[in-house]
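Here's a quick briefing to read with the model open beside you. Have a look at the fold, then work through the points below.

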Amino acid sequence: MTKPSISSKSSRFGGAWPHVVVIGAGVCGLGIAWRLAQAGCTVDIFERGEAGHGATWAAAGMLAAGAEAEPGEQRLLELTRISLAAWPNFAREVEAASGLTIDYRDQGTLVVALTHDDVEQLRFTYEFQRDLGIELQWLSGAEARAREPHLRPGVAAAVYSAGDHQVDNRKLALALKQAALGAGVTLRERCPVRALAVEGERARGVHLADGVFIDADVVVLAAGAWSREIGGLPVEALPPVRPVKGQMLALQMDPAAPLLSHVLWAPKAYLVPRVDGRLLIGATVEEKGFDDAMTAGGVLSLLEAAWRVLPGIEELPIAETWVGFRPTSRDDAPILGPTVVEGLVIATGHHRNGILLAPVTAEAVSGYVLTGEMPAAAAQFSAERFAAAPSLATVGGSGR
Ligand SMILES: Cc1cc2nc3c(=O)[nH]c(=O)nc-3n(C[C@H](O)[C@H](O)[C@H](O)COP(=O)(O)OP(=O)(O)OC[C@H]3O[C@@H](n4cnc5c(N)ncnc54)[C@H](O)[C@@H]3O)c2cc1C
């Protein structure tokens with residue numbers, strides 16, 4: 001591939017294209033690496049395991065900026081809305097660059113209430129979200145069942161969010177990997193980074209676990225829930241990110257006669273139908289560090305919640321169960337852009353929104369590497385916001 005001519009974008013590197021090392025090949029690292037290679041940079045990405053098999057593999061792929069907006073998350077909503085709006089083009093571009101499909105689907109999302117209490121809660125959320133300008137439609141139980149005939153007959157009410165969509169996150173991971181390779185990124189899988197190399201308060205490269213040193217003009221830290229575990233990070237540069245465990249499972253529907261066509265939020269679980277008939281049910285939200293055990297209680301609570309809203313699942317075979325680790329920051333929002341170490345750029349902390357935020361993360365962080373500037377909506381999410389209170393106090397996780 002011929003490199004584009006050097007524009008003013010690269011001026012902060014004295015007219016040369018920077019050599020960038022990315023740590024972690026999840027949706028964040030792959031997207032950033034792809035964009036940087038497209039711009040003309042030499043990019044090496046190091047992945048401890050297999051590309052895309054961290055939280056990115058474990059996710060449900062919901063692109064839900066609207067139906068999941070919660071009180072206290074108004075700032076994040078601005079960013080999630082920008083990313084949601086970027087998704088159709090991003091999907092087309094990833095598919096064209098990789099030659100792979102990612103099953104981006106835009107049928108909208110249904111949020112269902114079963115009991116009187118659920119209806120009260122749903123009405124509160126509906127009014128809060130409507131006040132934020134999110135396009136929502138209140139449905140009676142009968143109207144909800146007209147859209148999804150397999151819902152439990154007693155369903156009390158629902159809200160339809162036309163703007164919330166889904167993508168197959170596993171296909172996305174594979175396609176992003178191909179797109180990045182096609183743009184010239186060098187990907188090294190099963191090649192963990194042991195430590196960041198810092199000299200005189202500037203990142204100089206990385207030390208791999210096998211002892212090899214790789215020098216770089218810029219290092220991008222995108223190691224998801226493991227981002228604090230990279231050695232060599234000065235204390236002030238340690239991102240306040242922790243793993244928040246999520247158990248999920250998939251049932252197998254008949255693809256020719258699926259029980260569900262929309263993404264569905266029920267009390268205590270969500271259900272996501274895939275094109276191939278898999279029905280994902282998620283997810284627990286647990287503060288258990290990197291404990292990767294599926295538990296009887298986790299499976300029981302997910303299946304019970306799903307069965308209460310969609311009783312027809314009872315006969316379906318269980319296709320898969322898995323655990324993933326959301327990379328969660330102290331305020332549940334991503335950490336993007338500069339750090340206190342010059343030349344070290346960060347993209348982590350995406351918690352339950354990393355798939356949704358993939359387009360904006362790739363754009364904003366690659367843009368920062370090239371120009372030294374972040375778009376305003378993303379700049380609010382720099383690591384600087386934690387500087388005043390560096391402890392790793394945990395907050396309760398919520399949602400996906
Ligand atoms: C159960 C569950 C459901 C979710 N559902 C959704 C959803 O519906 N919608 C949504 O938008 N988001 C969802 N998320 C969140 C989303 O999955 C994450 O926010 C996103 O995948 C984070 O991407 P990442 O690239 O930062 O992390 P990851 O995908 O975890 O990638 C980080 C990578 O870094 C690698 N790594 C770690 N240490 C090293 C090292 N030392 N050297 C080299 N490589 C290293 C890891 O192996 C990993 O591949 C969900 C998450 C979970 C767990």
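Predicted model: local features only at pLDDT ≥ 70, side-chain atom pairs only at ≥ 80, totals over all residues.

Residue numbers run from 1 along each chain as its sequence is written.

- 13 of the 13 residues of H1 are buried, so the helix is largely enclosed by the rest of the structure. Here, buried means 20 or more other C-beta atoms within 10 Å of a residue's own, exposed means 12 or fewer, and partly exposed is in between, with C-beta atoms placed from the backbone.
- Just after H1 comes Gly40, with a positive phi of about 120°.

**H1 against H8**

- H1 (residues 27-39) and H8 (residues 358-371) have axes that come within 8 Å and cross at roughly 50°. Axes are lines fitted to C-alpha atoms, for helices over the stretch in contact, and angles run from 0 to 180 degrees between N-to-C directions.
- H1 and H8 are therefore oblique to each other. On this scale, angles under 35 degrees are roughly parallel, over 145 roughly antiparallel, 65 to 115 roughly perpendicular, and the rest oblique.
- The H1 and H8 crossing is right-handed. A crossing is left-handed if the near helix is turned anticlockwise from the far one by less than a right angle, and right-handed if clockwise.
- From H1, the contact uses Val27, Cys28, Gly31, Ile32, Trp34, Arg35, Leu36 and Ala39, and H8 brings Ala358, Thr361, Ala362, Glu363, Val365, Ser366, Val369 and Leu370. Two residues are in contact if their C-beta atoms, placed from the backbone, lie within 7 Å.
- Sorted by class, the contact of H1 with H8 has eleven nonpolar, three polar and two charged residues. Ala, Val, Leu, Ile, Met, Phe, Trp, Tyr, Cys and Pro count as nonpolar, Asp, Glu, Lys and Arg as charged, and the others, Gly among them, as polar.

**H6 and its partners**

- H1 also packs on H6, at an angle of about 25° with the axes 9 Å apart. That makes H1 roughly parallel to H6, and the crossing is left-handed.
- Val27, Leu30, Gly31, Ala33, Trp34 and Ala37 of H1 meet Leu172, Ala173, Leu176, Lys177, Ala179 and Ala180 of H6. That contact has ten nonpolar, one polar and one charged residues.
- H3 (residues 74-98) packs on H6 (residues 169-182) at an angle of about 60°, with axes 8 Å apart. H3 is therefore oblique to H6, in a left-handed crossing.
- On the H3 side, Val94, Glu95, Ala97 and Ser98 meet Leu172, Ala175, Leu176, Gln178, Ala179 and Gly182 of H6. By class, the contact of H3 with H6 has six nonpolar, three polar and one charged residues.

- Gly52 sits in the loop between strand E2 (42-46) and helix H2 (55-58). With 24 C-beta neighbours inside 10 Å, Gly52 counts as buried.
- Not counting residues up to four places away in sequence, Gly52 touches Ala25, Gly26, Leu30, Trp57, Ala173, Leu174 and Lys177.
- Arg190, in the loop between strands E8 (186-188) and E9 (193-199), has a positive phi of about 50° although it is not a glycine. With 10 C-beta neighbours inside 10 Å, Arg190 counts as exposed.
- Glu201, in the loop between E9 and strand E10 (202-208), has a positive phi of about 65° and is not a glycine either. Glu201 has 12 C-beta neighbours inside 10 Å, so it counts as exposed.
- The peptide bond from Gly282 to Ala283 is cis, with omega near -25°. Ala283 lies in the loop between strand E16 (278-282) and helix H7 (296-309).

Technical notes: Helix = DSSP H or I, 4+ residues; strand = E, 2+ residues; numbered from the N terminus.
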